[in-house]
Amino acid sequence: MFGKTILLQPIQGKSLKLDVPERDDLIQFKPWMNDPEVARYLAQYRGYTVEDELGWFDNTAKQVDKVAWAIYHDGQIIGNCGLFHIDHQSQHAEYGVVIGQQSAWGQGVGTAILEAVSQYGFKQLNLRNIYLNVFMPNQGSLKSAQKAGYKHFGTHPEYAYIDGQFVDMWMGQRQNPALLDR
Ligand SMILES: CC(C)(COP(=O)(O)OP(=O)(O)OC[C@H]1O[C@@H](n2cnc3c(N)ncnc32)[C@H](O)[C@@H]1OP(=O)(O)O)[C@@H](O)C(=O)NCCC(=O)NCCS
């Protein structure tokens with residue numbers, strides 16, 4: 001399913017919002033998902049078609065084990081993010097994000113979104129724990145996870161083959177702060 005609208009603080013004067021995507025906006029993802037810089041550290045190894053993206057939209061709308069948002073920055077779609085593999089009984093989920101618009105990188109957007117989605121997971125979905133997986137060379141992703149309070153709990157050695165070498169996967173998790181206070 002898609003998440004309810006979340007308005008974040010503007011970054012460098014530009015609005016930032018997580019919202020249900022407009023179906024037509026999903027067309028933007030084809031060039032992004034086929035951009036080697038964007039896709040380098042994603043667990044995917046094939047090209048994406050517009051139909052793949054529209055299929056993602058249709059499937060996400062139906063599935064109850066995920067909550068996804070489009071990221072709108074300064075009124076333009078720049079990527080998507082969400083909580084996946086939501087286990088309502090055990091109360092945990094995995095975070096994932098793609099900011100496809102490279103000009104939006106390095107401004108704090110990734111960190112702000114991770115914080116907002118984490119709060120949504122803890123307060124709206126009553127999750128106890130959110131986890132994420134980062135391929136070690138992905139320094140932007142690693143830094144934003146650490147800045148948003150995600151703690152290292154394990155390393156999967158040589159998990160992925162990227163650019164001619166096997167790289168480790170950093171596994172991080174954050175607990176619901178309400179549980180830590182008890
Ligand atoms: C990973 C990603 C979400 C980071 O988003 P972002 O908006 O660039 O992140 P932030 O601006 O919040 O950056 C967080 C920190 O990482 C740093 N950083 C960002 N990109 C970096 C890079 N390529 N190398 C080193 N540091 C980087 C920032 O400078 C910042 O550190 P600082 O606060 O000390 O200056 C974004 O680059 C992205 O979507 N990439 C493509 C898809 C992807 O890799 N998804 C994640 C899969 S786990």
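Helix α4 (residues 109-123) packs against helix α5 (residues 139-147) at an angle of about 45°, and their axes are 9 Å apart. Axes are lines fitted to C-alpha atoms, for helices over the stretch in contact, and angles run from 0 to 180 degrees between N-to-C directions. This is a predicted model, in which local features need pLDDT of at least 70 and side-chain atom pairs count only at pLDDT 80 or more, while totals for chains, interfaces and linings use all residues. Residues are numbered from 1 along each chain as its sequence is written. Helices (H or I, at least four residues) and strands (E, at least two) are DSSP runs, numbered from the N terminus.

- The angle makes α4 oblique to α5; angles under 35 degrees count as roughly parallel, over 145 as roughly antiparallel, 65 to 115 as roughly perpendicular and the rest as oblique.
- Gly110, Thr111 and Leu114 of α4 meet Gly140, Ser144, Ala145 and Lys147 of α5, contact being C-beta atoms, placed from the backbone, within 7 Å.
- By class, this contact of α4 with α5 has 2 nonpolar, 4 polar and 1 charged residues (Ala, Val, Leu, Ile, Met, Phe, Trp, Tyr, Cys and Pro count as nonpolar, Asp, Glu, Lys and Arg as charged, and the others, Gly among them, as polar).

**Ligand shell**

- Around the ligand are 22 residues, of which Ile99, Gly110, Thr111, Gly140 and Lys143 come nearest; a residue is near a molecule or strand if its C-beta atom, placed from the backbone, lies within 6 Å of it.
- The elements giving two or more residues to this shell are β5 (92-99), α4 and α5.
- The largest share, 6 residues, comes from α5.
- By class, the shell has 9 nonpolar, 11 polar and 2 charged residues.

**Strand pairs**

- β5 and β6 pair in the parallel sense over 3 bridges, and Ala93 stands opposite Ile130 in β6.
- Strand β6 (residues 129-135) and strand β8 (residues 165-175) pair in the antiparallel sense over 7 bridges, with Met171 in β8 as the bridge partner of Asn133.
- Strand β7 (residues 151-162) runs antiparallel to β8 and is joined to β8 by 8 bridges; Lys151 stands opposite Gln173 in β8.
- The hairpin of β7 and β8 has 2 residues between the strands, and Asp163 there takes a positive phi near 50°.

Note on methods. Two residues are in contact if their C-beta atoms, placed from the backbone, lie within 7 Å. Two strands pair if DSSP finds at least two bridges between them.
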